[in-house]
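Hi,

Here is the structure I promised to pass on. Please load it first, then read my notes below.

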Amino acid sequence: MAKENVYVRAEVMQDVLRAELLGEIDHHTCRPMREELDELLYLHRPRTLIIDLGSVSFMDSSGLGLLMGRIALAESLGTRVTVRSPSLRVRRILELSGITRLTSLVLEGGSGTQKKERKEHV
Amino acid sequence: MKRVTINRMKLHLPAISANESVCRAVVAAFIAQLDPAIEELADIKCAVSEAVTNAVVHAYFCRGGDLYITVTLYADRTVKIEVRDKGCGIPDVKQARTPLFTTDTDGERSGMGFSVMETFCDRVSVHSRVGHGTRVTMLKKLAE
């Protein structure tokens with residue numbers, strides 16, 4: 001099942017919700033992204049949420065707030081979170097925040113050095 | 001040190017979230033004449049985004065007001081970006097600049113705005129007066 005709006009392209013397969021964020025993540029686009037992601041999380045209650053940042057062309061610290069909030073919500077629902085494919089630029093912002101050091105978060109793929117990965121077969 | 005100005009732009013527009021991307025694009029377009037590296041331009045766009053977002057969210061509590069952005073280009077390839085608002089002002093600038101500090105209560109602000117600005121610019125200075133407004137000045141020297 002696939003659902004698409006202009007900010008988030010989402011797909012649910014078995015127990016995995018894969019949400020691809022599209023374009024720029026700033027304070028303005030965070031709100032519709034947040035609403036969409038939260039709605040999907042509550043609706044599907046997946047075992048795993050994959051947030052794919054491969055199509056994100058820009059992200060500032062608003063994106064950090066967005067991710068941290070979704071991670072907190074997902075965990076409260078018992079959902080594990082994987083953040084996938086950040087570009088070098090996006091990864092830099094992620095590392096600034098220390099979000100990459102969260103032991104509960106799996107960070108996969110993307111360009112640049114792989115800092116921390118767990119073998120996770122989804 | 002007296003710098004030689006080669007160009008200057010002033011941008012005046014509403015401090016609404018839809019204009020965050022506009023400010024990034026306009027400042028980037030203006031700086032393009034210095035032929036910055038891709039990384040440098042991306043750094044500046046991010047810093048501008050943070051400063052503008054601060055004005056939208058914190059200065060005006062998302063209720064609107066005006067943004068005044070001045071970009072000055074110097075002959076030594078230094079870029080000065082001033083983001084000014086006439087909003088509520090910051091009572092304790094030092095506290096505001098502490099990483100993770102935020103006055104936001106019901107949103108999901110990360111409190112990393114100033115940290116990002118400081119990481120991507122050479123120097124960031126903040127002048128503020130409660131009840132009058134805030135001016136954030138960012139300096140970045142582009143590589144040759």
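One definition before the helix packing: axes are lines fitted to C-alpha atoms, for helices over the stretch in contact, and angles run from 0 to 180 degrees between N-to-C directions. Also keep in mind that this is a predicted model.

**Helix pairs**

Start in chain B. Helix 1 (residues 19–31) and helix 2 (residues 38–59) of chain B have axes that come within 9 Å. They cross at roughly 140 degrees. Angles over 145 degrees count as roughly antiparallel, so helix 1 and helix 2 of chain B are classed as oblique to each other. The crossing of helix 1 of chain B past helix 2 of chain B is right-handed.

Another pair spans the two chains.

**Residues of helix 1, chain B**

Two residues here deserve a look. B:N19 lies in helix 1 of chain B. Its relative accessibility is 12%, so B:N19 counts as buried. B:N19 and B:M117 are 98 residues apart along the chain. Their C-alpha atoms are separated by 18 Å.

B:R24 is in helix 1 of chain B too. Is B:R24 buried or exposed? With a relative accessible area of 1%, B:R24 is buried. Which side chains of chain A does B:R24 contact? One is A:E24, through a polar contact of 2.7 Å between the side chains. Another is A:D26, where the side-chain contact is 2.9 Å.

**Chain A**

Chain A has three helices and eight strands. Along the sequence, the pattern is β-β-β-β-α-β-β-α-β-α-β. Of the 122 residues in chain A, 50% are buried.

At 1.5 Å a residue, its 16 residues should span 22 Å. The end C-alpha atoms of helix 2 are 23 Å apart, which agrees. The expected span is 1.5 Å times one less than the number of residues.

This helix is mostly covered: 12 of its 16 residues are buried. Among them are A:L64, A:L66, A:L67, A:I71 and A:L73. A:R70 is also on the buried list, as are the glycines A:G63, A:G65 and A:G69.

Both ends of helix 2 have something to check. A:D60 caps the N-terminal end of helix 2 of chain A. A side-chain oxygen of A:D60 lies 2.9 Å from the backbone nitrogen of A:S62. After helix 2 of chain A comes A:G78, with a positive phi near 80 degrees.

**Positive phi outside glycine**

Two loop residues belong here. A:Q14 is not a glycine, yet its phi is positive, near 55 degrees. A:Q14 is in the loop between strand 2 (8–13) and strand 3 (16–21) of chain A. At 83% relative accessibility, A:Q14 counts as exposed.

In chain B, B:D35 has a positive phi of about 50 degrees and is not a glycine. Where is B:D35 found? B:D35 is in the loop between helix 1 and helix 2 of chain B. At 63% relative accessibility, B:D35 counts as exposed.

**Cysteines**

How many disulfides are there over all chains? The count comes to zero. B:C23 is in no disulfide, and its nearest cysteine sulfur, in B:C46, is 14 Å away. With 0% relative accessibility, B:C23 counts as buried.

The cut-off for a disulfide is 2.5 Å between the sulfur atoms. B:C121 has 7% relative accessibility and so counts as buried.

**A strand residue in chain B**

Last, B:G133 lies in strand 5 (residues 133–141) of chain B. With a relative accessible area of 9%, B:G133 is buried. B:G133 and B:C88 are 45 residues apart along the chain. Their C-alpha atoms are separated by 5.6 Å.

Best wishes

Notes:
Residues numbered from 1 in each chain as written. Chains lettered and ligands numbered in written order. Predicted model: local features only at pLDDT ≥ 70, side-chain atom pairs only at ≥ 80, totals over all residues. Heavy atoms only, no water. Helix = DSSP H or I, 4+ residues; strand = E, 2+ residues; numbered from the N terminus. Buried < 20%, exposed > 50% of the residue type's maximum accessible area, 1.4 Å probe, protein only. Polar contact = N/O pair within 3.5 Å; in protein donor to acceptor, adjacent residues only side chain to side chain. Parallel < 35°, antiparallel > 145°, perpendicular 65-115°, else oblique. Left-handed = near helix turned anticlockwise from the far one by under 90°.
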